[in-house]
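Biologist: Can we go through this one together? Please put it up first.

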Amino acid sequence: PGNSPYMSPSAFAGNELLIDLTQLHHSGWLRAEDIAPESALRDERVDYSAVIPYRMRRLRLAAERFFSETHGHEEAHQDFAAFCAEAQSWLDDYALFMALDQQYGGEGKLWQDWPATLALRDLDALQEAAQTLAGECDFWKFCQWCFDRQWRAIKQYANERGIRIIGDMPIFVSAHSADVWMHQALFDLGADGRPRVIAGVPPDYFSATGQRWGNPLYRWNIHAQNGYRWWIARIRRVLSLCDGVRIDHFRGFESYWSVDGKAETAINGRWLKGPGKPFFDEIERELGELDIVAEDLGIITSEVERLRDDC
């Protein structure tokens, strides 16, 4: 909602709106007239209501030509297949999530509003949907492949010139995301898949009623039981795209503000203990020493400072 990077449909996928259409033209999947700018587009600021349809129409056109014109593009198709295989652990479900969102979304509907068999991930229903929506799934995979190879070219160009890239990773993810839909047991959800409790911060100098962010909270005990596998995969992914990462709301790993999912403000929340140092110890055991920047805004206590220093 609101085109915020902190409410992304995926913690693993790249933003399709960042794909350079000119490079798709150079690859032969868009023609010069396809990428001519429209009058509604401005250099001064992003008008998402104009940018999104402009770009998505052209990405769909490029995908249509990519899948229909294999002759002369054999190397690209091999590269696409290799990317899909390498990213399968998150890409297949992300593509299906986006395809289902196209079919059942709109008018503010979330995945929790989809047919129950799909929302709660009945395997037979998922398999049938994946077959029915195979073409739409391929489109979203194509977009991710384009993003990935363009981004890696930028990163290589920067690294070769001594420039390192720092990414940014929100501690929380959107309730309407492939991540929550795929891993419902890892989040504090009700039987219908909606968040029982949500993230935010108490009243402070920014707001007298606190900040009601709306992200679902983690079931940290379940994450700990499975060795923080989802988090390790998430950090591994972001560090495959960046050289270091800033973790937003670092203090939430020490304690986080829990708000009732139906509350209108964040005033009547409570502090709950986060995973603390054992979380970062497990990350280091799996991934080694990493370049992590701890964001320090908010109510920073001595316990938060100790966790930062201990890490």
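Modeller: One term before we start. Ala, Val, Leu, Ile, Met, Phe, Trp, Tyr, Cys and Pro count as nonpolar, Asp, Glu, Lys and Arg as charged, and the others, Gly among them, as polar. This is a predicted model, where local features need pLDDT of at least 70, side-chain atom pairs count only at pLDDT 80 or more, and totals for chains, interfaces and linings use all residues. Residues are numbered from 1 along each chain as its sequence is written, and side-chain values use heavy atoms, without hydrogens and water.

Biologist: How do the residues lining the second largest pocket divide by class?

Modeller: Nine are nonpolar, four polar and six charged. A pocket is an open set of points on a 1 Å grid over the protein atoms alone, where a 1.4 Å probe fits, with protein on both sides within 12 Å along at least five of seven lines; lining residues have an atom within 4 Å of a point.

Biologist: Which element gives the most to that lining?

Modeller: H10, with five residues. Helices are DSSP runs of H or I with at least four residues, strands are E runs of at least two, and both are numbered from the N terminus.

Biologist: New topic. At what angle do H3 and H7 pack?

Modeller: About 100 degrees, with the axes 10 Å apart. Axes are lines fitted to C-alpha atoms over the stretch in contact, and angles run from 0 to 180 degrees between N-to-C directions. That makes H3 roughly perpendicular to H7 (65 to 115 degrees).

Biologist: And what is the strand order in the open sheet?

Modeller: E3-E2-E5-E6, with antiparallel pairing. Strands pair if DSSP finds at least two bridges between them. E3 and E6 stand at the edges with a single partner strand each, so one side of each has no neighbour in the sheet.

Biologist: How many bridges join E2 to E5?

Modeller: Four. Val197 stands opposite Asp260 in E5.

Definitions and conventions: Parallel < 35°, antiparallel > 145°, perpendicular 65-115°, else oblique.
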